[in-house]
Structures are given as structure tokens and as C-alpha cells.
Amino acid sequence: MPKPFQKLFSVNSAFSVAKMIVILSIPLCLLVYALAMPSRPVMTNKIENKTEKPNDDLRTRLTPEQFYVTQEKGTERAFTGKYWNTKDAGKYYCVVCGAELFSSDSKFDSGCGWPSFDKAASEKVVDTNVDSTHGMVRDEIICHKCGAHLGHVFNDGPTATGLRYCVNSASLDFKSKPDTENKSDKK
Ligand SMILES: [Zn+2]
């Protein structure tokens, strides 16, 4: 082979090797990307949990009012909910996911027609969001675990916490304390 051709050949083969590498690396990159996808962290807990309970499932599991309040940020009419006047000792759980949200120990009669509490069962179970609908700026409260709308929290509470968690009965599931536990605080 004449020298110039040899040179051309070697340049060409080096070029095709490089081309091969580029061509092969494209599907390889796609494969690596596809494999990496499921292990990527999900943005927030709320999104993760919400996808676990699709709305169709909730529509059959919840009453229309429970669905309207928890999923569509509705509000039940004052003095119509199941628990606004409940005075029994026990705990209030999220009607959607079952997380423990409030205790009867922190419930008080606010006169507003909704179950009212001066604190949540723990700081971590209830999240707040600024809600500027209906021409007001209020702090919406939602279940930390599943994002269900619960009601609002106000800074006019009469107790030491200064807070009034105004909660829809439709967001809650009340379980009274067993009698054995209840002896000391029976009224
Ligand atoms: Zn919940």
C-alpha cells in the first residue's frame, strides 16, 4: 500500500472507532439514565403519599363530604359536624390516612361550631400553608402524612398556646379511650 493511502486508512479507521464509541455511548447513556430514574428521591413525602391513595379509591372509601373537605379543601357548615360538641376522652385521627392528629385533652369549646384544639398531637403531624382564598389570609392546616385538608389555625386561642386549630369533623375519625384508660379523667 502506498504511503499516503496507508495514512488515509489509519486516519479513517481511527475516525470510525471514534464514531463507534459515540454511537454506542448514546444507548449506554440512555440505559444508565433509565436505571437511575427509580432510585431518584421523590420531591416530598406529601407527593409520594398522595400517589399511594388515588382519588378514585378515596371517592369510594370516604363519604362525599369527607372527600369534599379533605381533598377539595371544603368546609363543613358550622354546628353540623360530627364532633364539634364531642367532649369524650379519646383521640382524633386523620380520616384519610389514620394518622393521630389531636387529643381530647387539647379540645376546647370555642363556640365557633367546629372542633377546636389548642395544639396538635405533635408538632410533626400537622403542616400549615398560607391560604389566601375567600378574600382572607389564613393558615390552612393539612395532615403531614397524606396532605388532607383539615381546617385552619388561628392565633386567638384562649389557652397558653395561643392557638385555635379549627378543624372540620369530616377530616377526623374519633376513637374514644378504652374505659380502663379512661377512669382517671371520667367526668
Ligand atoms: Zn392524613
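Student: Which residue stands opposite Y92 in β2?

Tutor: F102 in β2 is the residue that stands opposite Y92. Strands here are DSSP runs of E with at least two residues, and helices are runs of H or I with at least four, numbered from the N terminus. This is a predicted model, in which local features need pLDDT of at least 70 and side-chain atom pairs count only at pLDDT 80 or more, while totals for chains, interfaces and linings use all residues. Residues are numbered from 1 along each chain as its sequence is written.

Student: How many bridges join β1 and β2, and what lies between them?

Tutor: Two strands pair if DSSP finds at least two bridges between them. β1 and β2 pair in the antiparallel sense over three bridges. They form a hairpin with five residues between them, and G98 in the turn has a positive phi of about 85°.

Student: What is the strand order in the open sheet of six strands?

Tutor: The order is β3-β4-β8-β7-β6-β5, with antiparallel pairing. β3 (107–108) and β5 (126–131) stand at the edges; each has a single partner strand, so one side of each is left without a neighbour in the sheet.

Student: Is H152 buried or exposed?

Tutor: A residue is buried if 20 or more other C-beta atoms, placed from the backbone, lie within 10 Å of its own, exposed if 12 or fewer, and partly exposed in between. H152 counts as buried because it has 20 C-beta neighbours inside 10 Å. This residue belongs to strand β7 (residues 149–154). Across the protein chain of 187 residues, buried residues make up 24%.

Student: Which residues does H152 contact, leaving aside neighbours within four places in sequence?

Tutor: Two residues are in contact if their C-beta atoms, placed from the backbone, lie within 7 Å. By that criterion H152 is in contact with D131, R138, D139, E140, I141 and C166.

Student: Which residues have the most contacts inside the largest nonpolar core?

Tutor: A nonpolar core is a set of buried Ala, Val, Leu, Ile, Met, Phe, Trp, Tyr and Cys residues joined through C-beta atoms within 7 Å. The largest has 26 residues, and L101, C143, Y165 and V167 have the most contacts inside it. Two or more residues come from each of β1 (90–94), β2 (100–103), β6 (138–143), β7 and β8 (164–167). Not counting residues up to four places away in sequence, Y165 touches F102, S116, F117, A120, I141, G151 and V153.
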